[in-house]
Amino acid sequence: AGGGEITVTDVQSYAGYALHVGTVKKGSVSVGDKVTCRVDYARRRKIAPNHSMTHVLNYALNKVLKGSVDQKGSLVDDAKLRFDFTAKGALSTKQLQEVEDMCRAQIAEKRAVDAQVIPLKEAMSINGLRAVFGESYPDPVRVLSIGNSIGDMVKDPESDAWGSASLELCGGTHVSNTEEAEAFTLIQEEAVAKGVRRITAFTGDLAKGTLKRGAELEARFAQVEKLPASELDGVTTELRKEVDRSDVSCVLKASLRERLDGLVKKYMDEKKAQASKIINQEIEEAKKAVQAAVEEGGKSHAIVQAKVGTDGKMLKSVVQALGKEAPGAALMVVSEEGGKGVAQAVVPKELHDRIKANEWLKAALDAVCLPLPRSSPWARRHFFFFF
């Protein structure tokens, strides 16, 4: 009478009545009004494949985890499917890959989905049937099989063949064939409680979208993997950001992160190789300068400039090599790059009565940069040059 419209968000059975829960979206509704129920079939068409693939996912998890899975909850809507289950820990990338592959295979196999209402006792006698622990089921009950005929199961309930497909008690909406799901992608696997894991997945257009973006990311990786190691600096950082914010399969994401680690290692190995080459070159040049000052010039000290940028570790390697070359000499090595520099000094014990390394270094640096704290004991300093 009031021209009211209610959007129903849930339906529950109470005391033999079907209780519809929803929100008045238009007009008004009063007790005694006659109403017409209409199903949103467009939305249902998106929910059905998510529901059916939740059954397939349950089956796949039990196969991969060797029957140690118990359902702890699920949510199915028009955007995704979510499944909570018991597990001792996080699934490995290999296990997730097996689960995803198995679900996709059942879509590709175009398995028929059979649903029949049969006596509860007959249903519970079928080999391989899965029921939620603690759930109360009506009698008769609706049985849903993905890939096998329920009529054949009733005739031969103890056959081992029924373990080859998902078989559950379920009264929900489903597809008639797994091919209607079109595609399947695991999006996330996470912990929700002690001993309980949660998997979120997409089907249909959303899954196909993640597959498309995944292919684009893989193509990007293929290009980057062809780059010389010296050109990877910064590229891997951007790639990692792309992977982290992408909504591709969590299996693919894990694989891409492993490939990223390989790229980072490739770059670091190249960087170390180049650093070693530079150090060796600088050591040879520095040795000549020390030899000229100490051996040929008769001096007890030498000041050497090395071209190792501001890398303190590389500078230390040069100083240590020179210390072995001239163990009785006081040595100072400096290096500069882009207006910044680093210096290190070493003085053998026999020369400590004349000068100590930190005093020598401080006196030298006071002439070219901001004064260092007098209390500083270090004989190595990073500094700014002022010319």
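Cys 37 is exposed, with a relative accessibility of 63% (exposed means over 50% relative accessible area, buried under 20% and partly exposed in between, with a 1.4 Å probe and protein chains only). The model is predicted, so local features need pLDDT of at least 70 and side-chain atom pairs pLDDT 80 or more, whereas totals for chains, interfaces and linings use all residues. Residues are numbered from 1 along each chain as its sequence is written, and side-chain values use heavy atoms, without hydrogens and water.

Zero disulfides are present (a disulfide being a pair of cysteine sulfur atoms within 2.5 Å). Cys 103 is buried at 0% relative accessibility; the closest cysteine sulfur, in Cys 250, lies 11 Å from that of Cys 103, too far for a bond.

The largest nonpolar core comprises 30 residues (buried Ala, Val, Leu, Ile, Met, Phe, Trp, Tyr and Cys joined through side-chain atoms within 4.5 Å). Among the residues with the most contacts inside this core are Leu 57, Phe 85 and Phe 184. Elements giving two or more residues to the core include α1 (41-64), β4 (81-86) and α7 (250-296) (DSSP runs numbered from the N terminus, with helices H or I of at least four residues and strands E of at least two). The largest share, seven residues, comes from α1.

Leu 57 touches, among others, Phe 83, Cys 103 and Ile 199, not counting residues up to four places away in sequence (contact means heavy atoms within 4.5 Å). Another core, of 22 residues including Ile 283 and Ala 329, lies apart from the largest one.
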